[in-house]
Amino acid sequence: IDTTQLLEAFFRELRIALVVGVFCGLTTGLIARATLGESTLGLVVGLTMFIDITFAASFGAILPLAVKKMGGDPAIACGPLVTTTNDSTSLCIYLVIAKLLIG
């Protein structure tokens, strides 16, 4: 992808991530609600899943392009960084949402 196509690629990834995030968030939220009987927990799980997927897709689309623009090899530089960042961010998002909604 050329850097002039960056915004187009980003918004395409974002649209796909939003659709996948909504589907996975609703599915996991409903499963949590059905199996545990807790509406709030289902909301926490579903909302977290939606935000996590959206963030991961956005970050995973932008970072390789940024590394390439800086002259690095995107495949080598981004693999561990994207994984670590997504895992850490996902846990933080989950804990913040749980704290806000559950108390």
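So, aspartate 87: it's exposed, at 52% relative accessible area (exposed is over 50%, buried under 20%, partly exposed in between, with a 1.4 Å probe and protein chains only). Aspartate 87 sits in helix α3, residues 74–102; helices here are DSSP runs of H or I, at least four residues, numbered from the N terminus. From aspartate 87 to glutamate 13 it's 74 residues in sequence and 19 Å in space, C-alpha to C-alpha.

Quick caveats. This is a predicted model, where local features need pLDDT of at least 70 and side-chain atom pairs count only at pLDDT 80 or more, while totals for chains, interfaces and linings use all residues. Residues are numbered from 1 along each chain as its sequence is written, and side-chain values use heavy atoms, with hydrogens and water left out.

Now the salt bridge, meaning a side-chain nitrogen of Lys or Arg within 4 Å of a carboxyl oxygen of Asp or Glu. The count by that rule is one. Glutamate 8 pairs with arginine 12, closest N and O atoms 3.7 Å apart. They're four residues apart in helix α1, so about one helical turn separates them. Glutamate 8 is exposed at 52% relative accessibility, and arginine 12 is partly exposed at 39%.

On to the helix pair. The axes of α1 (residues 6–36) and α2 (residues 39–69) come within 7 Å and cross at roughly 160°, with axes fitted to C-alpha atoms over the stretch in contact and angles running from 0 to 180 degrees between N-to-C directions. So α1 and α2 are roughly antiparallel, which here means over 145 degrees.

How values were computed: Helix = DSSP H or I, 4+ residues; strand = E, 2+ residues; numbered from the N terminus. Parallel < 35°, antiparallel > 145°, perpendicular 65-115°, else oblique.
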